[in-house]
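Please look over the chain shown here before reading the notes that follow.

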Amino acid sequence: MFSGLLQPTHLIILLAVALIFLGPKRLPSAGRAIGQGLREFKDSINREPQPTADEETPQAPREGTPPAQ
């Protein structure tokens with residue numbers, strides 16, 4: 001179904017449509033924003049999961065307070 005989706009002519013047409021809608025001044029900033037969003041998405045996927053506020057994390061007792069019994 002999607003075997004020939006990214007052919008060179010399709011990419012040229014897509015770039016031309018983007019140039020018409022965004023204009024030559026905003027096209028580089030739009031590309032930069034898309035690249036930054038993809039980079040942040042990739043980094044968030046590759047990062048190890050962080051504990052959420054709902055999960056209990058062991059905390060060291062504060063100085064001056066006796067340990068719980």
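**A bent helix**

Helix α1, which covers residues 8-46, contains 39 residues, yet its end C-alpha atoms lie only 31 Å apart, short of the 57 Å that a straight helix would reach at 1.5 Å a residue; the expected span is 1.5 Å times one less than the number of residues. This is a predicted model, in which local features need pLDDT of at least 70 and side-chain atom pairs count only at pLDDT 80 or more, while totals for chains, interfaces and linings use all residues. Residues are numbered from 1 along each chain as its sequence is written, and side-chain values use heavy atoms, with hydrogens and water left out.

**Fold and kink**
- The protein chain has 1 helix and 0 strands, these being DSSP runs numbered from the N terminus (helices H or I, at least four residues; strands E, at least two).
- In α1, a kink of about 105° lies at glycine 23, shortly before proline 24, the bend being the angle between axes fitted to the seven residues ending there and the seven starting there.

- Of the 69 residues in the protein chain, buried ones make up 1% (buried is under 20% relative accessible area, exposed over 50%, partly exposed in between, with a 1.4 Å probe and protein chains only).
- The protein chain exposes about 7100 Å², of which carbon and sulfur atoms supply 62%.

**Leucines**
- Leucine 11 is found in helix α1 and is partly exposed, with a relative accessible area of 43%.
- Leucine 22, also in helix α1, is partly exposed at 30% relative accessible area.
- Leucine 22 touches Leu27 and Ala30, not counting residues up to four places away in sequence (contact means heavy atoms within 4.5 Å).

Key. Areas by Shrake-Rupley, 256 points an atom, 1.4 Å probe, with all protein chains shown as cover.
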